[in-house]
Amino acid sequence: MTTTTTAGSGTDPRPAAPRFRVGVDIGGSKIAVLVVDADGGVCARRHVPAASAQPDEAIAQIAAVIRDTVTEAGGTMADVEAVGLGVPGRVDGANGDVTFAVNLGWQHLPLGRRLAASLGVPCVVENDVRAAAVGLHREAPFGPTDDLVYLGIGTGISAGVVLDGRLHRGVRGLAGEIGHVVLDPDGAPCACGLRGCFETIAAGAGIARAAREAISAAAVSGEPTTLASLADPTAADVFAAAAAGDLAAGRIVDRAAAAIARMVHELVLAYDVELVVIGGGISRAGSPLLERVQAGLDRIGAPSPFAAELLAETDVRLVGSDHDVGTRGAIALLAPDPKGVVAREAVG
């Protein structure tokens, strides 16, 4: 697909500049790929089921969906400048290796280097929510700000933090890992080994577990719930049932929203940001979720003038359904930035 031309001979020994950049968002339940042109225009996008927990299979699967999406965009890998990848786990700052990804079952996987070798193009790897935070800072869909938090709530929960225009990773690359803050010491077991973590209450798997418990409780109490008609209710089912007036589902959603509000408050206290954006699979619940979170923030501020003033000065938003926050963030990793928001080097 690479062409060379001149006005005289019709050929030019210099290859044409790559036409595409690729962003990949790897989640606990899906792989999303976005191909854009030099101006950021969408050329192709694709979603496929989650990556395998087996490293060799995962590399092959991710490489295949990248190639397929580039083909759909009308090109080959020779037309790709670089690939950015966001991964839900700890990423080594020195080489971009995924050292630990609980929800994917990966440990010490040299993802960037192996994909670069497979695809023949440079690859940049970053934690997924940190990549999303970079994208929100660069694209500024809610207005320009140099201090923001992206709170990603999906299969797991984590936060990406940009302070003074720079991505904040922490000394171990774990800044913003609030999914494992304990909210209920006597609560449900978490994959991290603790009990009652934020994830067990507000992440997709935690909401689905609460739905199963509600069904069991309803069978004993006799309280009707539409959730009982579902063999294996998901978080999306719970939000839909709550929106339709199901009381048991409404209690689950209220508890999750209250936990999210509490964490928004704590993030604002910890980092003093002016914008908090809530994204991930839970954001598909839309305005009813945001309204519940805002009600939780109002309850937090009611007895405290300090909290009320702090939260009143913080813009809390929900990612729109039309914003490719994960894949756009992965693409943002590839762009040079004079403020130093991203310090990852491409490999390959």
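In which loop does glutamate 177 lie? In this predicted model, glutamate 177 is found in the loop between strand 11 and helix 4. The residue is partly exposed, its relative accessible area being 27%. Arginine 90 stands 87 residues away along the chain, and the C-alpha atoms of glutamate 177 and arginine 90 are separated by 9.6 Å.

The side chain of arginine 169 is joined to that of glutamate 126 by a polar contact of 2.7 Å.

Helix 4 also contributes to a pocket. Rolling a probe the size of a water molecule over the atoms shows where empty space is left. The second largest pocket contains about 170 Å³ of space. Two elements, helix 4 (198-202) and helix 5 (204-221), each give two or more residues to the lining of this pocket. The largest share of the lining, three residues, is that of helix 5. Among the lining residues are Asn103, Thr155, Pro189, Cys190 and Ala191, together with Glu199, Thr200 and Arg209. Sorted by class, the lining comprises five nonpolar, four polar and two charged residues.

Helix 7 spans residues 247-271. The 25 residues of helix 7 should span 36 Å at 1.5 Å a residue, and the distance of 36 Å between its end C-alpha atoms agrees with this. At the start of helix 7, aspartate 246 places a side-chain oxygen within 3.1 Å of the backbone nitrogen of alanine 248. Leucine 247 belongs to helix 7 and counts as exposed, at 59% relative accessibility. Between leucine 247 and arginine 262 there are 22 Å in space, C-alpha to C-alpha, for a separation of 15 residues in sequence. Just after helix 7, aspartate 272 adopts a positive phi of about 55°.

Helix 8, formed by residues 287-301, has 15 residues. From its first C-alpha to its last, helix 8 reaches 21 Å, close to the 21 Å expected at 1.5 Å a residue. The buried residues of helix 8 are Leu289, Val293, Gly296, Leu297 and Gly301. These residues cover an arc of only 135° around the axis, and therefore lie on the same side of helix 8. An α-helix has 3.6 residues a turn, so residues three or four places apart point the same way. The exposed residues Glu291 and Arg299 are carried on the face of helix 8 turned away from its buried side.

Backbone geometry was also examined at individual residues. Most residues other than glycine have a negative phi. Histidine 108 is placed in strand 7 (residues 106-109) and counts as exposed, with 62% relative accessibility. Alanine 140 likewise has a positive phi, of about 50°, although it is not a glycine. The position of alanine 140 is in the loop between helix 3 (128-139) and strand 9 (148-153). Because its relative accessibility of 24% lies between the limits of 20% and 50%, alanine 140 counts as partly exposed.

Serine 52 is located in the loop between strand 3 (42-49) and helix 1 (55-72). At 16% relative accessibility, serine 52 counts as buried, and its side chain reaches the backbone nitrogen of glutamine 54 at 2.9 Å. Glycine 320 occupies the loop between strand 13 (315-318) and helix 10 (325-332). The relative accessible area of glycine 320 is 31%, which makes the residue partly exposed. Glycine 320 and arginine 284 are 36 residues apart in sequence, with a C-alpha to C-alpha distance of 8.2 Å in space.

Technical notes:
Residues are numbered from 1 along each chain as its sequence is written. This is a predicted model: local features need pLDDT of at least 70, side-chain atom pairs count only at pLDDT 80 or more; totals for chains, interfaces and linings use all residues. Side-chain values use heavy atoms; hydrogens and water are left out. On a 1 Å grid over the protein atoms alone, a cavity is a set of points where a 1.4 Å probe fits but cannot get out, and a pocket is an open set with protein on both sides within 12 Å along at least five of seven lines; lining residues have an atom within 4 Å of a point. Grid points are joined across faces, edges and corners, and a volume is the space filled by probe spheres set on the points. Helices (H or I, at least four residues) and strands (E, at least two) are DSSP runs, numbered from the N terminus. Ala, Val, Leu, Ile, Met, Phe, Trp, Tyr, Cys and Pro count as nonpolar, Asp, Glu, Lys and Arg as charged, and the others, Gly among them, as polar. A polar contact is a pair of N or O atoms within 3.5 Å; within protein, one must be able to donate a hydrogen and the other to accept it, and residues adjacent in sequence count only if both atoms are side-chain atoms. The expected span of a helix is 1.5 Å times one less than its number of residues. Buried means under 20% relative accessible area, exposed over 50%, partly exposed in between (1.4 Å probe, protein chains only). The arc is that of the directions from the helix axis to the C-beta atoms.
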